[in-house]
Every structure is written in C-alpha cells, then in structure tokens.
Amino acid sequence: MKFFIDTANLNDIQEAQNLGVLDGVTTNPSLMAKEGITGRTNVMAHYAKICDIVDGDVSAEVIATDYEGIIREGEELADIHPRIVVKVPMIKDGVRALKYFSQQGIKTNCTLVFSAGQALLAAKAGATYVSPFIGRLDDVSTDGLQLIEQIVHIYDTYKFNTQVLAASIRHTMHLIKCAELGADVATCPLNVILGLLKHPLTDSGLQKFLADHQKAQEAANA
Ligand code: G3P
C-alpha cells in the first residue's frame, strides 16, 4: 500500500519524505487555505515546490465546478509538472471531465466520494485514483472502512485500473485497516504516519538494551 501525505505544509511533506516512506501527496482547497496559499500564481508555485520535494504523484484540486472550467484549470495544473494529478470532485461535470482527462493521458483523483456507486462512476470514467473519505463517513455514523471494502471488492471483480486512495484518515487504526482491506493508497496527516512508530514495549525494550549495554561497558572499563 502506498503512503501519501494529506497536507500542503512543506515542512511536514519534507519530514515524511526524509523518513523514506512517502509515495505521494494529496492536497485540497482547505489544506491550501490553511497554509495561507491564495491566488493562482502562488498556488501554482506551491504545487511546483511540493513536486520538487517528493518523487511520487501530487494531487492538485480544481476549484471550478463547471465542465469547461474544470478542463481549463485541470490542464493548467497538469502543465506544472508531469507528476501532478488533477483532483476533480464527484459531480456530474466532474465525471465528464474525468473521462476527458483520461483520454488526454492526464492523471486524475476523483474526490469527495462517499458511496460505492460514486466510486463505480469514477472508475467507469477512467479516474486514476478514487478518494473515499473514511473519517467524514464515520463522523455521520456510517462505517467508512466498510466503503473501502466494498470499493476494493468491486474494482477487483471487474479489474478496474482505478486505484483506491483511502482519504480522510484520522488515526492509525484507519490506516492499518485500509492496509488489511487492500486499499492501494492511504493518504493521511504526518501525525498518523508517525503514530505507526509508537509502541510502549519498543520504548521500554530500547531503554533496557541501552542500559544493559552501558552496564557491560562500565564493567569492562572497571
Ligand atoms: O484530502 C481529503 C481528505 O483527506 C480530508 O480529510 O480529515 O478533512 O476529513 P478530513
């Protein structure tokens, strides 16, 4: 399973990249706004900076919601760097745009997916990635992980090439469950990736190893 980081924060992206486990980045308009990135020139420049840091795909979301606007914006975004993936919302004009981009060889990520039917449409339209939002479904008392399982099953059954990119991941159990369910990609904030490191037995075990080593050294030097 690929690990993407879900942020527009350059320091977090660099830290995940330095860890050596990062396969790509996803952003959205809220994450860009959080970093104070506004205006077309700044937005384009910021995506270029992200592409300079990572080796993998970088999802850049369109703001337009009409077909022509999505195509225009998506083509501009795709021109920034060959690894830019145009992120398109799951709306009627978005589905048409996914088809157009797939015919042009432009990679896409269909976002704001909350049902198996939407995921089926995205795959039929040739999306490179589909982004089901786990955490936001959990927020409304619906099992987000069950949706991942359903989509993986449908895509496997019909051999769709669209990759399941589990999004809106809030904690490490979401991430681990996505791996068990066969999601192709999980995108999550840095704290969730780093959360995988944590185990009290690792910490206490390391303390013991270091203490024993120190004792042996002191005994040898005595
Ligand atoms: O990038 C889309 C998604 O990951 C958003 O997550 O936590 O805002 O629901 P969240």
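**Ground rules.** I am looking at a predicted model, where local features need pLDDT of at least 70, side-chain atom pairs count only at pLDDT 80 or more, and totals for chains, interfaces and linings use all residues. Residues are numbered from 1 along each chain as its sequence is written, and side-chain values use heavy atoms, leaving out hydrogens and water.

**Aromatic rings.** I looked up ring pairs and found five in the structure. Rings of Phe, Tyr and Trp (its six-membered ring) pair if their centres lie within 6.5 Å; planes under 30 degrees apart are stacked, over 60 edge-to-face, and the rest tilted. Tyr-155 and Phe-160 are an edge-to-face pair, because their planes stand at 70°, with the ring centres 5.6 Å apart. Tyr-158 also pairs with Phe-160, in a tilted way, at 6.4 Å centre to centre and 50° between the planes. I noted that Tyr-155, Tyr-158 and Phe-160 make up one aromatic cluster.

Next I checked accessibility (buried is under 20% relative accessible area, exposed over 50%, partly exposed in between, with a 1.4 Å probe and protein chains only). Tyr-155 is buried at 4%, Phe-160 is partly exposed at 23%, and Tyr-158 is exposed at 59%.

**Nonpolar cores.** I then turned to the cores, each a set of buried Ala, Val, Leu, Ile, Met, Phe, Trp, Tyr and Cys residues joined through side-chain atoms within 4.5 Å. The largest has 63 residues, and those with the most contacts inside it include Ile-5, Tyr-47 and Phe-101. Apart from it I found another core of five residues, among them Phe-4 and Tyr-129.

**The ligand.** Which residues surround the ligand? I listed Asp-6, Asn-28, Lys-87, Phe-133, Arg-136, Ala-167, Ser-168 and Arg-170 (near means a heavy atom within 4 Å). For polar contacts I used pairs of N or O atoms within 3.5 Å. An oxygen atom of the ligand lies 2.7 Å from a side-chain N or O atom of Arg-136. For Asn-28 I noted 3.1 Å between such a side-chain atom and a ligand oxygen, and for Lys-87 the value is 3.4 Å. Taken alone the ligand exposes 310 Å², and the protein buries 83% of that (areas by the Shrake-Rupley method with a 1.4 Å probe).

Conventions
Polar contact = N/O pair within 3.5 Å; in protein donor to acceptor, adjacent residues only side chain to side chain.
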